[in-house]
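Good morning, and thank you for coming. I shall take you through one protein model step by step, and I ask you to keep the picture in view as I speak.

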2 protein chains.
Amino acid sequence: MSARVLVAHGGGPTPVINASLAGVLSAAYGDSRVERVYGARKGIEGVLKGDLLDLSGLSENELECLSRTPGSAIGSCRHKIREGDEHQLLEVFDSYGIDVFLYTGGNDSMDTCMRVARLSDKVQVIGIPKTIDNDLAETDHCPGFGSAARFFALSALEVALDVEALDIHVSVVEVLGRNAGWLTAACDLAHSVGDVGPEMILVPEMSFDQEAFLESIRDRWNRRRGFVVAVSEGLKGGDGQPLVSDQGKTGVDAFGHPLPGNVSHHLAQLIQQKLGIRTRSEKPGLVGRASRALTSEVDRDEAWKVGAYGLRSALDGATGHMVSLRRESSRPYRSVPQLVELERVANVERLLPSEFYDPESFRTTEAYTEFALPLLGSGLPDYFSVGRFLNGKGG
Amino acid sequence: MSARVLVAHGGGPTPVINASLAGVLSAAYGDSRVERVYGARKGIEGVLKGDLLDLSGLSENELECLSRTPGSAIGSCRHKIREGDEHQLLEVFDSYGIDVFLYTGGNDSMDTCMRVARLSDKVQVIGIPKTIDNDLAETDHCPGFGSAARFFALSALEVALDVEALDIHVSVVEVLGRNAGWLTAACDLAHSVGDVGPEMILVPEMSFDQEAFLESIRDRWNRRRGFVVAVSEGLKGGDGQPLVSDQGKTGVDAFGHPLPGNVSHHLAQLIQQKLGIRTRSEKPGLVGRASRALTSEVDRDEAWKVGAYGLRSALDGATGHMVSLRRESSRPYRSVPQLVELERVANVERLLPSEFYDPESFRTTEAYTEFALPLLGSGLPDYFSVGRFLNGKGG
């Protein structure tokens with residue numbers, strides 16, 4: 001066997017999508033069955049155009065550096081595959097002699113994977129999971145999530161430290177994720193790391209009730225000023241529609257495209273307007289899915305592993321599957337990669353289950369902490385206790 | 001001599017204001033002239049209320065942990081001192097037998113320091129500089145700036161990596177700082193760390209011309225999609241007024257308080273509305289002044305040093321001065337603390353000088369890089385080159 005391998009990335013980058021690429025390359029370089037590894041420039045669009053990159057010859061140091069670099073070294077796109085695209089893909093595979101196609105992405109990408117796998121019995125097609133949203137089915141969790149969760153948990157903690165110290169405002173921190181609240185929920189992990197964190201968590205799975213929200217804010221402000229509210233960018237109102245979003249209430253531009261929304265800004269203005277409580281908003285946005293310093297080592301290791309495992313599985317003859325992670329233990333944390341059929345994954349969106357979130361208290365549950373905390377990785381910082389001086393007795 | 005020392009914090013926290021506190025405490029514990037160290041709970045308001053905390057007895061490990069914890073462990077406030085407040089302060093000093101007053105803050109705090117120093121010859125009053133805005137006079141730079149600069153430089157780089165990889169939008173990254181552009185300028189240091197970074201830097205010292213801005217965005221988009229614009233929250237229009245701000249165009253709440261603004265969101269909507277280019281905004285906000293992982297070690301060391309030096313100077317008899325930093329060398333970077341008279345500092349706002357910024361290109365100059373890069377500290381991460389694959393030739 002003398003396999004030609006093609007890797008492509010789909011959708012938004014994560015802090016560790018390049019770690020999966022490094023995992024593929026590392027496994028490829030060390031496997032005599034691999035003749036050549038290509039990367040598609042800028043995702044499936046690159047495949048369709050036959051714009052392939054030669055990914056051979058990176059040193060171990062370069063692979064290590066690659067695996068710690070956010071963004072996507074070969075680029076990505078949001079192209080949703082169209083009727084006929086599959087045949088174009090097969091033609092490119094044919095002209096480059098591709099034997100293995102590895103596609104790293106989320107739900108949409110796994111759908112593409114599945115369709116390509118069904119069309120060809122000459123190419124082994126394997127999906128590599130990747131999404132900070134953590135919404136892929138049939139896997140304990142998704143590579144990318146742990147690092148973004150670490151970013152938002154520690155950022156929520158640190159903003160809480162700031163607004164506790166200078167307690168003149170409420171801070172509404174906006175978190176990535178349109179439909180699934182996994183990542184917004186991660187802000188609540190702050191309380192497991194330090195002794196402060198967000199007072200409220202608003203996930204897209206709940207139905208936002210403006211009156212109940214404002215009443216809760218007023219109550220909390222009366223008990224203690226200076227606190228954090230974490231909100232998902234995809235927070236939905238009673239009608240099931242996003243409160244503010246690209247599909248929301250902000251109108252369209254001259255070209256008919258919806259204008260960008262900003263739910264944290266909207267809530268900050270709402271709190272201040274209705275309650276007269278000074279409120280500000282923080283929206284780290286893409287910073288939250290691109291932080292190298294806050295990458296989880298557990299996440300990076302797993303991202304690397306699923307890449308390598310995906311390549312080896314394809315070389316061993318597997319196709320039409322996605323690599324998933326099975327958790328063997330939470331304490332100490334241990335996981336192993338395995339294969340699941342793509343048709344069980346494609347286009348399925350796994351939302352935050354109800355046992356992980358309590359809409360009455362606006363907080364996550366112990367079960368969520370048990371699930372998510374190990375994914376942040378070890379080496380969590382030790383913060384000086386706010387209670388030591390600030391909330392203690394006078395001297 | 002058997003001195004009683006009081007420390008208070010003023011204004012917004014920084015990642016290293018607690019390092020200055022740790023510096024004071026470390027020096028106090030090791031100096032036989034010090035009988036006791038107090039902290040004012042929540043800034044000057046705590047002093048006025050006589051709400052003082054006993055800061056004795058932290059171990060070396062605790063001081064180390066304190067120095068790496070964002071926020072302010074003793075709290076802060078934004079109280080602007082009023083007529084008569086000084087006398088109230090002196091009464092509290094008297095009743096606690098305070099001999100040394102150390103006040104850590106920015107311009108406003110240094111004004112308070114100066115006024116208190118003039119009123120009393122029984123208390124030695126020393127200001128400890130602190131501001132991420134870097135706008136204090138008579139010092140090479142301000143503790144807090146280096147860490148915030150590291151956050152924004154690396155975040156601008158990382159967002160650029162993200163939008164280069166998935167080049168479907170412009171990203172407008174908003175940076176803290178109402179009047180001074182030092183920190184927004186720091187985003188441009190991305191280009192000294194990796195091979196991507198922001199294409200445009202918009203500082204409050206410039207006058208924003210909407211037409212020129214949009215034309216420049218269109219030009220850049222035509223050359224390359226997927227880039228970053230860094231903008232100061234205090235960006236000003238041709239009339240010298242903030243484009244969008246607390247004093248801006250967003251109206252007031254029911255209580256007459258101005259509503260929070262959001263200049264990055266405003267610019268994102270403007271670009272999309274006028275040019276039809278998909279644009280998003282990132283506004284890390286307080287995350288940018290509270291990140292432990294992105295704290296600059298140079299900054300933390302200096303913050304510790306100015307605290308310790310301030311205490312020792314007061315014990316040696318100095319009063320009416322602020323500790324400032326004098327740069328001895330940029331390569332290798334070396335600075336020493338010294339004293340400057342408070343009246344040369346109080347209420348003076350040092351803006352970004354014109355030799356550090358070029359409004360024609362919307363970029364900072366070499367001189368700015370020379371000034372600011374060493375303050376980010378060592379251990380800057382090594383990112384995998386975007387050019388290696390993404391902008392290279394096909395395989």
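Let us begin with strand 6 of chain B, which pairs with strand 9 (residues 228-232) of chain B in the parallel sense over 5 bridges. Please bear in mind throughout that this is a predicted model. Within that pairing, B:Val172 has B:Val229 in strand 9 of chain B as its bridge partner. Strand 6 of chain B also pairs with strand 11 (residues 279-282) of chain B, again in the parallel sense, over 4 bridges. Here B:Val173 has B:Glu282 in strand 11 of chain B as its bridge partner.

I turn now to another sheet in chain B. This is an open sheet of 7 strands in the order 3-2-1-4-5-12-13, with mixed pairing. Its edge strands are strand 3 (52-54) and strand 13 (333-341) of chain B, each of which pairs on one side only. From one strand to the next, the twist averages 30°.

At one end of that order, strand 2 (residues 34-40) of chain B pairs with strand 3 of chain B in the antiparallel sense over 3 bridges. In this pairing B:Tyr38 stands opposite B:Asp54. Two helices deserve mention here. Helix 11 (residues 297-315) of chain B packs on the sheet and touches strand 1, strand 2, strand 4, strand 5, strand 12 and strand 13 of chain B. The direction of helix 11 makes about 35° with that of strand 13 of chain B. Helix 1 (residues 17-29) of chain B lies across strand 1 (3-9), strand 2, strand 4 and strand 5 of chain B, and runs at about 175° to strand 1 of chain B.

Which strands does strand 5 of chain B pair with? Strand 4 (residues 100-105) of chain B pairs with strand 5 in the parallel sense over 6 bridges, and B:Val100 has B:Gln124 as its bridge partner. Strand 12 (residues 321-330) of chain B runs parallel to strand 5 and is joined to it by 2 bridges, with B:Gly127 opposite B:Met322. Strand 4, helix 5 (residues 107-119) and strand 5 of chain B make a right-handed β-α-β unit.

Chain A has an open sheet of 7 strands as well, in the order 3-2-1-4-5-12-13 and with mixed pairing. Strand 3 (52-54) and strand 13 (333-341) of chain A each have a single partner strand, so one side of each is left without a neighbour in the sheet. Strand 1 (residues 3-9) and strand 4 (residues 100-105) of chain A pair in the parallel sense over 5 bridges, and A:Val7 has A:Leu102 as its bridge partner. Helix 5 (residues 107-119) of chain A lies across strand 4, strand 5 (124-129) and strand 12 (321-330) of chain A, at about 170° to strand 5.

My last topic is the aromatic rings. Over all chains, the structure holds 26 aromatic pairs. One of them is A:Phe208 with A:Phe213, a tilted pair at 5.0 Å centre to centre and 55° between the planes. A:Phe208 is buried, with a relative accessible area of 7%, and A:Phe213 is buried at 1%.

Why is the pair of B:Tyr368 and B:Phe371 called tilted? The ring centres are 6.3 Å apart and the planes stand at 50°, so the pair is tilted. B:Tyr368 and B:Phe371 are 3 residues apart in helix 12 (residues 366-372) of chain B, which means that about one helical turn separates them. In chain A, A:Phe145, A:Trp182, A:Phe356, A:Tyr368 and A:Phe371 form one aromatic cluster.

Finally, two contacts involve both chains. The charged end of A:Arg292 sits over the ring of B:Tyr383, 5.5 Å from its centre. The charged end of B:Arg292 sits over the ring of A:Tyr383, 5.5 Å from its centre. Thank you for your attention.

Key. Residues numbered from 1 in each chain as written. Chains lettered and ligands numbered in written order. Predicted model: local features only at pLDDT ≥ 70, side-chain atom pairs only at ≥ 80, totals over all residues. Heavy atoms only, no water. Pairing = 2+ DSSP bridges. Right-handed = clockwise from strand over helix to strand, strands pointing away. Phe/Tyr/Trp six-rings, centres within 6.5 Å; stacked < 30°, edge-to-face > 60°. Buried < 20%, exposed > 50% of the residue type's maximum accessible area, 1.4 Å probe, protein only. Lys NZ or Arg CZ within 6 Å of the ring centre and 35° of its normal. Contact = heavy atoms within 4.5 Å. Axes fitted to C-alpha atoms, helices over the stretch in contact; angles between N-to-C directions.
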